[in-house]
Amino acid sequence: MLRLEKRPQPSRFWVFATPVLAVVLTMVFGGLLFAALGQNPFETIRTIFLDPLFSEFAWFYRPQLLIKGAPLVLIAIGLSFGFRAGIWNIGAEGQYIVGAICGAAVGLAFYPSELFIIFPLMVIAGALGGCLWAMIPGVLRVRFGTNEILVSLMLVYVAEQLLASMALGALRNPDGMGFPGSRNLAQYPAATSWINQQIGMHWGVVTAFIAVILAYVALSRHIFGFNVRLAGQSPRAARFAGVNPSLLVLVCMGLSGGLAGLAGLFEIAGPAGQVSIDFNVGYGFTAIIVAFLGRLHPVGILLAGALMALTYIGGEIAQSNLGLPIAAIQILQGMLLFFLLAVDVLTNYRLSWGRQVA
Amino acid sequence: MTTPLLRLTGLTKAYPGVVANKDVSFDILPGEVHALLGENGAGKSTLVKTIYGLVKPDSGTMALHGAPFQPHDPHAARAAGIAMVFQHFSLFDAMNVAENIALGMEDPPKQAQIAAQVRAVSDQYGLPLDPDRVVGDLSAGERQRVEIIRCLLQDPKLLIMDEPTSVLTPQEVTILFETLRKLSAEGTAILYISHKLEEIRALCENATVLRLGAVVGTCDPRQTSARDMAELMVGSKLHVPEKADKPAGETVLSLQGLSAPAPHRFGTPLREITVDVRKGEVLGIGGVAGNGQDELVAALSGEMRTAAAMIRYKDQAIGQMPPNARRKAGLLAAPEERMGHAAAPDMSLTENAVLTAATRQGLTRRGFVQWGKARGFAEGVIKAFDVRTPGPQNAARSLSGGNLQKFVIGREIMQAPEVLIVNQPTWGVDASAAAAIRQALLDLAAKGAAVIVISQDLDELMEISDRFAALNEGRLSAPRPAKGLTVEEIGLMLGGAHDMEVAHVEA
């Protein structure tokens with residue numbers, strides 16, 4: 001009989017091997033799914049996972065990898081602190097939107113000035129916007145004991161309404177002949193986040209890499225990271241160690257909201273360009289998968305963000321070249337998280353054949 | 001010679017990486033009270049689980065009344081007449097006594113019938129217990145009686161008891177012992193597992209000593225000194241803590257009407273605790289678990305804040321001070337629950353060292369953890385307190401309870417506290433390690449620190465305390481010099497003894 005036996009120590013090997021195994025399993029079962037849809041499974045898997053990097057049009061897709069990966073990584077890094085501490089900010093999408101709106105509003109307010117200070121001010125506004133939006137569920141939890149999962153999630157829909165009203169109202173382009181949407185920030189040199197559009201490089205990519213490094217240092221070397229890990233693993237021990245649980249909630253919410261807001265600002269001032277009704281595409285939700293796929297570890301998140309970006313781009317290729325429905329791609333991404341969580345058990349348990357012992 | 005009730009022959013059981021039982025053979029005679037002795041991890045639990053059908057041995061045989069006995073699960077063991085009272089009770093708080101007992105039965109009769117049986121058995125064995133009371137309202141001793149009566153209703157031939165007295169007051173222990181003696185006189189054999197050697201000497205006729213999974217000796221506890229038994233258990237000379245007589249120093253910690261509401265539904269409020277703790281003394285606080293021990297530790301460690309003036313430390317009102325500021329000032333604490341409170345199970349010992357020692361040992365610089373220094377500190381604790389582990393990189397949960405306890409207590413003592421509060425410092429720790437911990441606490445006091453030891457082990461408190469006080473329902477009795485206190489006086493101080501009735505033994 002197949003049994004699970006608890007390991008005395010978490011396995012070092014499986015900590016690293018489970019994400020790889022999850023990707024392999026996703027490919028296998030994804031292949032079966034595509035076969036069931038009447039596609040050649042090998043060709044589909046190749047299209048999704050390899051074509052963005054190695055096909056003849058890879059020159060077009062590779063910059064996309066940075067563009068799609070950067071916001072995912074940036075948001076996931078912020079979320080990983082809260083998730084490690086047992087603070088569940090599910091509403092990064094809303095913080096992303098609000099950060100984008102605030103940052104864009106600052107940039108648009110200065111139009112058409114070419115002051116050097118405009119972009120830095122936008123960055124600050126974006127971070128603050130996301131941070132304050134995340135503070136709402138944070139403060140409500142600390143003060144009234146509300147559930148931050150529900151509140152942060154519901155605030156996503158509030159943020160979407162806010163975005164629509166901004167695109168149609170206050171931030172609408174006065175020269176846009178009545179069409180919804182703001183001026184294009186990507187074409188406003190003092191306000192754009194682009195560094196080099198040809199290779200997909202913008203300030204969000206830079207910030208994402210910096211965030212990975214800082215998060216790594218904070219988690220492995222700094223007492224703050226230690227307290228975050230401690231609070232997640234043993235809340236009672238954390239209180240005994242002197243961690244203030246309320247403060248930790250606010251800091252983690254603020255941090256994840258701030259980074260999500262930054263991601264939104266960089267996106268709206270670069271790849272997206274303008275405040276529009278359908279500006280957000282779900283990075284805030286996908287980043288939750290990225291955070292877990294990366295084991296809440298900064299380097300893991302970097303790799304997971306790249307992988308998720310790959311499936312996005314590969315999915316688009318498969319959609320246009322093979323006529324695969326978008327839902328199939330979303331199922332594939334869902335599978336990835338599902339398999340990861342499922343094989344995760346191997347980190348703390350070992351499989352063994354044999355009869356019941358204890 | 002009589003046929004043994006249960007004969008174990010060459011029982012061996014190995015788990016990955018450890019041999020729990022190695023060729024264990026001994027006999028249990030009908031009606032005898034047989035002690036099973038051994039350090040933590042000596043293989044006592046595995047052995048009794050084997051007898052109770054929870055563990056299958058790799059090799060070896062058991063014979064019950066001379067016939068082969070291979071229980072494949074506890075049902076089979078119970079059917080054969082073997083019953084076990086576990087250290088941790090498996091009772092539902094919201095149900096009454098009779099309902100709880102019915103739950104453990106294969107084919108329970110009507111409630112009224114069970115109630116009548118419970119009354120009959122409780123009367124017969126002097127175990128006062130009302131079948132209609134809700135378990136949630138019972139004391140630990142009364143809960144244990146529920147478990148015992150549940151076993152007795154099966155009319156067992158062999159009753160296994162795992163550390164039964166750890167939760168009892170002296171009076172309750174007396175009641176329990178009378179019951180066990182009566183059972184034994186009626187022919188029920190009892191396999192008695194305990195750390196408390198004096199109890200074993202008072203109760204048992206025969207003892208088997210396990211060390212590292214193997215039988216290392218047998219003795220008649222009535223003829224053997226506790227010290228000799230302890231040395232048999234650990235395989236080396238036992239160091240008995242020595243207490244130096246010294247004059248009391250000045251007051252360093254003063255609780256002035258310390259009161260606090262219960263922190264959660266099952267907590268106990270602290271009520272008007274007033275006591276002065278002096279430099280160089282050990283204040284022992286006794287009491288049955290759940291009378292405010294955890295809350296008192298939390299109030300002193302800073303996990304639970306109180307009005308500032310309720311706690312004065314060196315003329316400073318610290319009731320509102322957070323934990324790390326108290327540590328910096330020299331007030332350290334070690335809570336009872338090791339896993340998840342005093343230590344984080346999934347973190348390494350190095351990380352667990354940082355948990356409380358970061359501030360006082362300077363393990364951080366500008367907020368950055370000095371991992372090298374932390375590792376050095378953890379290694380120091382491991383070495384000084386003989387923590388058995390391959391190294392500080394191992395997760396806390398990989399250590400046995402006793403070893404982790406040594407680490408947790410050692411971590412605080414090595415920080416040279418001026419006041420140390422420990423809750424249950426030697427709970428579940430084997431005799432030699434317990435002696436080492438007690439000695440370390442005494443040494444700390446000898447160096448001028450004030451030590452508050454909260455424990456349910458009265459022998460321990462009598463051994464190391466200068467003054468003794470009892471905690472009962474959140475109130476602390478006035479402390480009295482420990483020297484010369486009798487067991488009866490202590491029992492009265494504890495005040496919480498329920499139903500001080502001893503079995504009516506008909507000789």
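# Two chains, one predicted model

User: Which residues does Tyr192(B) touch, not counting residues up to four places away in sequence?
Analyst: This is a predicted model, in which local features need pLDDT of at least 70, side-chain atom pairs count only at pLDDT 80 or more, and totals for chains, interfaces and linings use all residues. Residues are numbered from 1 along each chain as its sequence is written, while chains are lettered from A and ligands numbered from 1 in the order in which they are written. Contact here means that C-beta atoms, placed from the backbone, lie within 7 Å. By that rule Tyr192(B) touches Val33(B), His34(B), Ala35(B), Leu36(B), Met161(B), Ile200(B), Leu203(B) and Cys204(B).

User: Which residues have the most contacts inside the largest nonpolar core?
Analyst: A nonpolar core is a set of buried Ala, Val, Leu, Ile, Met, Phe, Trp, Tyr and Cys residues joined through C-beta atoms within 7 Å. A residue is buried if 20 or more other C-beta atoms lie within 10 Å of its own, exposed if 12 or fewer, and partly exposed in between. The largest such core has 253 residues, and those with the most contacts inside it are Val73(A), Ile75(A), Val290(A) and Tyr192(B).

User: Which helix gives the largest share of this core?
Analyst: Helices (H or I, at least four residues) and strands (E, at least two) are DSSP runs, numbered from the N terminus. The largest share is 14 residues, and its source is helix H4 (residues 58–85) of chain A.

User: How many residues of H5(B) are buried?
Analyst: Helix H5 (residues 140–152) of chain B has 13 residues and reaches 18 Å from its first C-alpha to its last. That is close to the 18 Å expected at 1.5 Å a residue, where the expected span is 1.5 Å times one less than the number of residues. Its cover includes strand E6 (82–85), helix H3 (97–103) and helix H4 (111–124) of chain B. H5(B) is mostly covered, and its buried count is 10 of 13.

User: How many buried residues does strand E1 of chain A have?
Analyst: Five bridges join E1(A) to strand E4 (residues 349–353) of chain A, and the two run antiparallel. Leu4(A) has Leu351(A) as its bridge partner in E4(A). Strand E1 (residues 2–6) is hardly covered: among its five residues the buried count is zero.

User: Which element gives the largest share of the side of chain B that touches chain A?
Analyst: Here 28 residues of chain B are in contact with 19 residues of chain A. Helix H10 (323–329), helix H11 (349–357) and strand E18 (368–369) of chain B each give two or more residues. The largest share, three residues, comes from H11(B).

User: Which element gives the most to the side of domain 2 of chain B that touches domain 3 of chain B?
Analyst: The domain bounds come from an automatic or database domain assignment: domain 1 (6–234), domain 2 (249–330 + 418–498) and domain 3 (338–416). The C-alpha centres of domains 2 and 3 of chain B lie 23 Å apart. Their contact takes 14 residues from domain 2 and 12 residues from domain 3. With five residues, the element that gives the most to the domain 2 side is H14(B).

Technical notes:
Two residues are in contact if their C-beta atoms, placed from the backbone, lie within 7 Å. Two strands pair if DSSP finds at least two bridges between them.
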